[in-house]
Amino acid sequence: MTTDLHPEAFAGLRRGRLGDPYLYVRECRSTQELLRDAALPEGAVAVAEHQTAGRGRLGRRWEDAAGSSLLCSVLLRPGAGMLPQLSLVAALATAEAIEELTRCQARVKWPNDVLIGGRKVAGILLELAGGAVVAGIGVNVGQESGELPEATRTPAASLRTASGRRHDRGRLLAGLLHRLELGYLAWQRDGLAPLGPSLEARHALRGMPVRVGEVEGVAASIAPGGGLEIVAPSGRTVVVESGEVEVAGGIDVDEQRLVDVQDLGVDPAQRQLPAGDPGLEHR
Ligand code: BTN
């Protein structure tokens with residue numbers, strides 16, 4: 001049976017260099033494990049209809065209902081350092097692609113979750129594999145409310161429950177990879193600065209009472225280096241570079257529908273590959 005993620009369906013949708021090669025399986029333990037081959041080039045993507053041992057951050061499980069999620073891993077070779085920033089680059093690309101497809105406003109919950117209406121629809125997991133980074137992205141797409149995991153720290157939603165419509169996973173993946181490629185190239189060239197306005201516009205935590213480890217206060221901006229600024233009760237601003245955010249009382253976001261994605265982001269010109277830019281080099 002062919003599905004909306006089958007290589008034949010995806011081949012006509014791919015817009016850039018990410019997704020070549022495209023490794024598609026019906027089932028695996030984790031798509032992260034399919035990209036461990038050192039001979040694979042940057043841009044290789046692994047996709048599964050179902051994972052039997054899907055991994056989340058901090059050793060958690062990532063559950064899926066077979067055929068309902070986008071479960072993908074992307075092989076990147078960004079060089080040394082700044083990995084927490086790459087998590088934001090991937091989360092932003094995922095949020096933008098979700099907005100383009102669903103017309104629902106998606107937010108980035110620093111550092112690696114994507115939310116709609118305060119509910120988590122997607123998560124990012126970065127893992128090092130030799131000199132490469134495997135960026136794992138899981139999106140709840142077609143689940144109905146009864147099929148979503150219940151005992152999660154942030155309540156879960158799918159693109160279907162959030163928008164009231166079914167969505168094509170191949171189109172979502174193509175849009176996500178396209179935006180990830182643009183964001184990744186911009187980040188490699190100029191750091192987070194070109195993505196800052198789009199990220200700030202989608203920053204889910206601003207103004208919320210949060211705790212990250214020992215640091216407690218009100219979340220402010222995402223710092224230029226990618227950390228989360230927290231204003232402590234003393235008035236001092238602390239920047240936390242990584243960690244798990246606890247939000248007192250849950251995330252309160254009411255806006256759902258998007259007017260125009262372009263209005264939220266950075267100058268659209270900056271989101272295109274510059275003329276003559278070859279995109280990702282395959283190594
Ligand atoms: C998180 O929110 O904790 C991160 C979840 C990442 C899940 C994706 S699904 C595709 C890839 N394969 C995995 O085993 N995990 C990631």
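Student: In which sense do β9 and β10 pair, and over how many bridges?

Tutor: β9 and β10 pair in the antiparallel sense, over 3 bridges. Strands count as paired here if DSSP finds at least two bridges between them. The elements themselves are DSSP runs numbered from the N terminus: helices are H or I with at least four residues, strands are E with at least two.

Student: What should I know about the source of the coordinates?

Tutor: This is a predicted model, in which local features need pLDDT of at least 70 and side-chain atom pairs count only at pLDDT 80 or more, while totals for chains, interfaces and linings use all residues. Residues are numbered from 1 along each chain as its sequence is written, and side-chain values use heavy atoms, with hydrogens and water left out.

Student: How many bridges join β10 to β11?

Tutor: 4 bridges join them, and the two strands run antiparallel; β10 covers residues 228-231. Strands β8 (residues 209-212) and β9 (residues 215-222) also pair in the antiparallel sense, over 4 bridges.

Student: What is the strand order of that sheet?

Tutor: The order is β11-β10-β9-β8-β12, an open sheet of 5 strands with antiparallel pairing. β11 (237-240) and β12 (245-247) are at the edges with a single partner strand each, so one side of each has no neighbour in the sheet. On average, neighbouring strands of this sheet are turned by 45° against each other, direction ignored. The axes behind that angle are lines fitted to C-alpha atoms, for helices over the stretch in contact, and angles run from 0 to 180 degrees between N-to-C directions.

Student: Which glycines take a positive phi in the hairpins?

Tutor: In the hairpin of β8 and β9, with 2 residues between the strands, Gly213 has a positive phi near 60°. In the hairpin of β9 and β10, with 5 residues between the strands, Gly226 has a positive phi near 100°.

Student: And which residue other than glycine has a positive phi?

Tutor: Leu58 is one, with phi near 55°. Leu58 lies in the loop between β2 (45-51) and β3. Most residues other than glycine have a negative phi, and most peptide bonds are trans.

Student: Where are cis peptide bonds found?

Tutor: The bond from Asp20 to Pro21 is cis, with omega near 5°, and Pro21 lies in the loop between α1 (7-11) and β1 (22-28). The bond from Trp110 to Pro111 is cis too, with omega near 0°. Pro111 is in the loop between β4 (106-109) and β5 (113-116).

Student: What order do the strands take in the sheet with 7 strands?

Tutor: That open sheet runs β1-β2-β3-β7-β6-β5-β4, with mixed pairing. β1 and β4 stand at the edges, each with a single partner strand, so one side of each is left without a neighbour in the sheet. Neighbouring strands here are turned by 20° against each other on average, direction ignored.

Student: How many bridges join β6 to β7?

Tutor: 8 bridges join β6 to β7, which run antiparallel.

Student: Now the ligand. Which residues come nearest?

Tutor: Ser30, Gln51, Arg55, Arg57 and Lys120 come nearest, of the 20 residues around the ligand. A residue is near a molecule or strand if one of its heavy atoms lies within 4 Å of it.

Student: Which residues have N or O atoms facing the ligand's oxygens, and at what distances?

Tutor: A backbone N or O atom of Arg55 lies 2.7 Å from an oxygen atom of the ligand, and a backbone N or O atom of Arg57 also lies 2.7 Å from a ligand oxygen atom. For Lys120, an N or O atom in the side chain is 2.6 Å from an oxygen atom of the ligand.

Student: Which elements give two or more residues to the shell?

Tutor: They are β3 (69-76), β6 (119-129) and β7 (132-140). β6 gives the most, with 4 residues.

Technical notes
Polar contact = N/O pair within 3.5 Å; in protein donor to acceptor, adjacent residues only side chain to side chain.
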